[in-house]
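This report describes selected features of one protein chain.

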Amino acid sequence: MNPAVSQAPRVDWVDYAKGICIIMVVMMHSTLGVEKAAGETGWLHHFVEFARPFRMPDFFLISGLFLSRVIGREWRTFLDRRIVHFVYFYVLWVTIQFVFRAPGIAQDAGAAGVVREYLFAFIEPFGTLWFIYLLPIFPLTTRLTRLLPPLAVFAAAALLESLQIRTGWTVIDEFAARYVYFFAGYWLASHVFALAARAQAQPWLALAGLVIWALVNGALVHADLATLPGISLFLGASGALAIVSIAALLEKFDLLAALRFAGEHSIAVYLAFFLPMAATRTLLLKFGFIHDLGTVSLIVTAMGVILPLVLYVLVRDTRFAFLFERPQAFRVETPRRPALQPAE
């Protein structure tokens, strides 16, 4: 998810980690959407709950890993790669989502309501796009505070997470809950990469640690303790590092190349999964082809991941490449060569 990554050799285990994360995110939205529409829960709900403590923490930790490559650059470069980059995709895709959702909003609130909701989306992030909205805020905060002692920033961020702030405003609440993981990814990047290297050097030890982590995480989730202050931070951090270890092992043994591809283009999935997810859910529930809700949720998840990737492959060399690649016209950094900048 880091624009800096596109300008340096890719790290395969990072793509594996992002692939795991994006599938878990799509699975969460797919499963909860199916269950809400059906009025009951399915077997996939249990895995969604298991992943809840670390699903987004890992995404943000990974997003911070490569910030050091650009944080010290001139402001023009920094703003282009870490601010304008994600602003472009947020504006584009919030507009696309409104094209599909405007008729429903207009039916309830009229044309004025559509305009009002659209403009409000630039203050209160719209739907699933809150993640894209926050991605420029975290690196900007980190740059503005980088002269402060890192330990103090980390401690303040950890305190914010532990306070479990609930104002009702997504930016405030999610910043408080997630910034500690982004900053940890930036500040402790060398340690995260060292952990991945150790997992690859000692795979059996890594697997033993993963079993212990899974048991502890599962037990605390089952006991409904995962959201308590302190415990939530522990599970978020340990879960994020567990995903790093799993990803490192997948790279070591060169498994699941499709998962790596999904991670390499995870932002494309995140931007576009809402429509195939909703369409597949509607079709399966309306026509009742499959009665098991867990299986329905799994199929909806698969379509939510696969179809955006198919769309990405189909448009990347066409005039519609702007859907997932930022055109030169929307860059403020002087380019080294004419190119579109991928969403990653």
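Trp213 lies in helix 10 (residues 203–222); helices (H or I, at least four residues) and strands (E, at least two) are DSSP runs, numbered from the N terminus. At 13% relative accessibility, Trp213 counts as buried, where buried means under 20% relative accessible area, exposed over 50% and partly exposed in between (1.4 Å probe, protein chains only). Leaving aside neighbours within four places in sequence, Trp213 is in contact with Phe50, Phe54, Ser238, Gly239 and Ala242; contact means heavy atoms within 4.5 Å. The C-alpha atoms of Trp213 and Cys21 are separated by 17 Å, and the two residues are 192 residues apart along the chain.

The model is predicted: local features need pLDDT of at least 70 and side-chain atom pairs count only at pLDDT 80 or more, whereas totals for chains, interfaces and linings use all residues. Residues are numbered from 1 along each chain as its sequence is written, and side-chain values use heavy atoms, with hydrogens and water left out.

**Nonpolar core**

In soluble globular proteins, nonpolar side chains tend to be buried together. In this model the largest nonpolar core has 96 residues, a nonpolar core being a set of buried Ala, Val, Leu, Ile, Met, Phe, Trp, Tyr and Cys residues joined through side-chain atoms within 4.5 Å. The residues with the most contacts inside this core are Trp13, Phe60, Trp93, Phe131, Ile132 and Phe324. Helix 4 gives the most to the core, with 14 residues. Ile132 touches Phe86, Tyr90, Ile267, Tyr270 and Leu271, when residues up to four places away in sequence are not counted.

Helix 14 (residues 274–287) has 14 residues and reaches 20 Å from its first C-alpha to its last, close to the 20 Å expected at 1.5 Å a residue. The expected span of a helix is 1.5 Å times one less than its number of residues. The buried residues of helix 14 are Phe274, Pro276, Met277, Thr280, Arg281 and Leu284. These residues pack against helix 1 (12–38), helix 4, helix 13 (266–272) and helix 15 (293–315). Just after helix 14, Gly288 takes a positive phi of about 65°.

For helix 11, the end C-alpha atoms are 31 Å apart, which agrees with the 32 Å that its 22 residues should span at 1.5 Å a residue. Most residues other than glycine have a negative phi. Asp254 lies in the loop between helix 11 (231–252) and helix 12 (257–264), and at 57% relative accessibility it counts as exposed. Leu256 is found in the loop between helix 11 and helix 12. Leu256 has a positive phi of about 55° although it is not a glycine, and with a relative accessible area of 53% Leu256 is exposed.

**Salt bridges**

A salt bridge is a side-chain nitrogen of Lys or Arg within 4 Å of a carboxyl oxygen of Asp or Glu. By this rule the count comes to 7 salt bridges, among them those in the table.

| Pair | Closest N to O |
|---|---|
| Arg52 and Glu49 | 2.5 Å |
| Arg326 and Asp80 | 3.0 Å |

Arg326 forms its salt bridge with Asp80. This pair links distant parts of the chain: Arg326 is in strand 1 (residues 325–326) and Asp80 in helix 4 (residues 75–120), 246 residues apart. Both Arg326 and Asp80 are buried. In the pair of Arg52 and Glu49, Arg52 counts as partly exposed at 38% relative accessibility, and Glu49 counts as partly exposed at 24%.

Being 4 residues apart in helix 8 (residues 170–187), Glu174 and Arg178 are separated by about one helical turn. An α-helix has 3.6 residues a turn, so residues three or four places apart point the same way. Arg178 is buried, with a relative accessible area of 19%. Salt bridges that share partners also join Arg10, Asp15 and Lys18 into one network.

**Nonpolar surface**

Trp75, Leu79, Leu144 and Val332 make a nonpolar surface patch of about 350 Å². Such patches are made of residues with over 30% relative accessible area and no salt bridge; nonpolar side chains (Val, Leu, Ile, Met, Phe, Trp, Tyr) are joined within 5 Å, and like charges within 9 Å. Accessible areas come from the Shrake-Rupley method with a 1.4 Å probe, and for residues only the protein chains shown count as cover. Leu144 lies in helix 6 (residues 137–144), and at 59% relative accessibility Leu144 counts as exposed.
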